Amino acid sequence: MAKISTPNSKNISKRKFISGGALATTAAAVTSFNINTSSVNAQTASIDASSGLKTGIMKPMTYTELPGFLSAAQIAPHYNNHYGGALKGHLDLDKQIDEMTASGMRNGAAYATMQCGHTMRGNSTLLHEVFFDGMTASASDPAANIRAVIEAHFGSLEKWQADFAAASGTASGWSVLK
Ligand SMILES: [Fe+2]
């Protein structure tokens, strides 16, 4: 676990980033059923407090590899470079935005660029945290309520899985079921 920096006390909302920013912010499409949906649901209520966006520290991963599915060499760049880089970039921009605001300097273009980067890196940070938090050592079936919604919207779990895999295969960033 690497200490990045000390964040300020801004009210950071996970949903703000997820819904407010472009989702195609980083690499790595999510296509697996190795996502513990009940765990993700439980974590949604507490993710704000433990998120690196709040603590300034990278959240530790439960699994550094999933043998037979994702190797440590595959996961490490996403954790160290993508996630760690996004968190550091977000926190750096947080500080720069505060400094520009405090200085009284008015540069609309620079401010807009910083805010855009701030949001994109915040999204990337949170999406990586959701992905790492949802990893499980074995494939699991979705919870009954999630299965029912998927079946209502896609016809069957298998149709959704095919659609989600196709979307992930063509995306330049993330595929997200919400
Ligand atoms: Fe990544």
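**Reading a predicted chain of helices**

Q: Where in the chain is confidence lowest, and where is it highest?
A: Confidence is lowest in helix α1 (residues 14-20), with a mean of 43, and highest in α5, with 96, on the pLDDT scale, which gives the predictor's confidence in each residue from 0 to 100. This is a predicted model, in which local features need pLDDT of at least 70 and side-chain atom pairs count only at pLDDT 80 or more, while totals for chains, interfaces and linings use all residues. Residues are numbered from 1 along each chain as its sequence is written. The chain has a mean pLDDT of 79, and 74% of its residues reach 70 or more. Over residues 1-35, pLDDT stays under 50.

Q: How many helices and strands does the chain have?
A: There are eight helices and zero strands, where helices (H or I, at least four residues) and strands (E, at least two) are DSSP runs numbered from the N terminus. The elements therefore read α-α-α-α-α-α-α-α from the N terminus on.

Q: Why is E129 called buried?
A: A residue is buried if 20 or more other C-beta atoms, placed from the backbone, lie within 10 Å of its own, exposed if 12 or fewer, and partly exposed in between. E129 has 23 other C-beta atoms within 10 Å, so E129 is buried.

Q: What makes Y111 partly exposed?
A: Y111 has 15 C-beta neighbours inside 10 Å, and therefore counts as partly exposed. Y111, too, lies in helix α6. Of the 178 residues of the chain, 19% count as buried.

Q: Which residues form the largest nonpolar core?
A: The six residues are L53, L126, L127, V130, F131 and W174; they count as a core because such a set consists of buried Ala, Val, Leu, Ile, Met, Phe, Trp, Tyr and Cys residues joined through C-beta atoms within 7 Å. Helix α6 (residues 108-134) gives the most to this core, with four residues. A second, separate core has five residues, including M58, Y83, A86 and L91.

Q: How are α5 and α6 packed?
A: Helix α5 (residues 72-103) and α6 pack at an angle of about 145°, with their axes 8 Å apart. Axes are lines fitted to C-alpha atoms, for helices over the stretch in contact, and angles run from 0 to 180 degrees between N-to-C directions.

Notes: Two residues are in contact if their C-beta atoms, placed from the backbone, lie within 7 Å.
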